[in-house]
Amino acid sequence: MDVDDSIFSMNLHQARILIVDDQVANNTLLETILKSYGYREIVATTDPREAIRLYGEEKFDIVLLDYHMPFLNGMQVLEKLKELEQSGYLPVLMITAMTDKEIRHQALKIGAQDFITKPFDKFEVVLRVRTVLTVRLLMNKLYTKNQHLIFERDLVEEVLIRLRSHSDFDATRMRLLLTPVEKSNGDFVLAAKRPDGIHHLLVGDFTGHGLAAAVCGPLVSGIFYTMTRNGQDAVHIIQEINRQLCDQLPIHLFLAACFVERNLESHQGRLWNAALPDVNVFHGKILSHHLESGTCPLGITHKISLHANKINFSPEWDTHVFVATDGIVETRSISGDWFGDERLLNFLQEVVATEASLEVILDILAQFRGQGEQKDDITLVEVT
C-alpha cells in the first residue's frame, strides 16, 4: 500500500523534522523513509541533550523521540520540550518497542501525540508523521489567528476604557468596588455634578460581560455626562438613555441600572432602581430602607414607569446607601447555593458598624465559591 501525497505536497518540503534516537542506524532508517516521501528538512541527533538545545534554538514542526536513551530518557526530554513549546501543542511522536500501557499513558499525559513502534513500518511512520504535521499546521494557524484576535481585543478594550472614563467623573462621598471578570465588562459607574451642584450617580450592568456588553457602555456614558453637564434632571436622563438603548441595541442587550440624584447642600435625594438587586439604606447602624426595583431594565421598551424613592442624606443620621450589581448575590458555591441578599446584607451591616473596606467582600465571595471561578462582574458602591 502506498500513500497519496497530493494534498500535502505543498507542505512536505517545508516541514522541519527532528529525529532523536541514540542508535545511528535508527536515525538513518527514519531519515531514509521520510526523504523518500518528499521530506527534506531533517535533523538527526543521538544526544537527547542536544535535541533539547536544538528545539529551543530552531523551529521544528515535529519530533520523533526515542524512549530509551542514555543521559535522559524520552519522558524527561518530553518534559523539557513541553516547557519550550509556546503554542501549547507538542508535536512529538515517541519511538518505542515497548507495549507498557503505563508508560504510554504517561507520555500522552505529558503531551506526546502518538507512538511509532519498532521495528519500523514504512507506511505507519509516514501516516503518523503526516497526521501530526496536519494537526501542527492547523494549530499554527489557530495560534496565529488567536494572537491577532488578542491584539485586536486589547486595542478595542483600550478604546472602550478611554471612552467610558470621563474628566467630569466625581466620586464625592462615595466608595467604589469594581471587579470585572474581564478587562472589558458590562458593569460601570458614572458620577458627575450638574452646574447647580446636584450630584448624579449611575450604576449600570449590561446583560452578559466582556466586549459584547462593554461596547454599550460608551453610549450610556456619553448621554449621562452630556445631559448632566447641561443641567438635565435625572428623569430626563434616564428616559433618554432608555430611548437610545431601545433604538440602537439588539433586543437581547439591555441595562439594569440604579440612578441616584443628591443635593449635597440640602442633603435630600432621589433614587430609581431599574432591575438591580435591592438597594440598602442605613441611617446610623440601622437598616432603614430596603429599596426593591420599581422599573424594568432600560432598553426593553420605550414606555417605562419611573418610580422614585426619596432619601434623606442628613449627616446627623450618618446615611449609607449601598448599590450593587447582581455579580455578588448571584455568586454560587460548588454545591449550587446562591450567595443571596441575606449574606450581602450581613456584610453591609458589618461595613457600617466597623467601617470595613468594601474589598473584604471579595475574600468572602472567594471563600463561598470554593474552587469555583468568578462568573460575573462585581460592583459595589457606597454613597454616604
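A: A residue is buried when its relative accessible area is under 20% and exposed when over 50%, with a 1.4 Å probe and protein chains only. The model is predicted, so local features need pLDDT of at least 70 and side-chain atom pairs 80 or more, while totals for chains, interfaces and linings use all residues. Residues are numbered from 1 along each chain, and side-chain values use heavy atoms, without hydrogens or water.

Helix α3 spans residues 48-57, and its buried residues are Pro48, Ala51, Ile52, Leu54 and Tyr55. Viewed down the axis of α3, these residues fall within an arc of 165 degrees, so they line one face of the helix; the arc is taken from the directions from axis to C-beta atoms. Gly56 and Glu57 are exposed on the face of α3 turned away from the buried side. At the N-terminal end, Asp47 caps α3, with a side-chain oxygen 2.9 Å from the backbone nitrogen of Arg49; a polar contact is a pair of N or O atoms within 3.5 Å, one able to donate a hydrogen and the other to accept it. Helices are DSSP runs (H or I) of at least four residues, and strands (E) of at least two.

The largest cavity contains about 60 Å³, the space filled by probe spheres set on the points. Strand β9 supplies the largest share of its lining, 3 residues.

Definitions and conventions. 1 Å grid on protein atoms, 1.4 Å probe; cavity = no way out; pocket = protein on both sides within 12 Å on 5 of 7 lines; lining within 4 Å.
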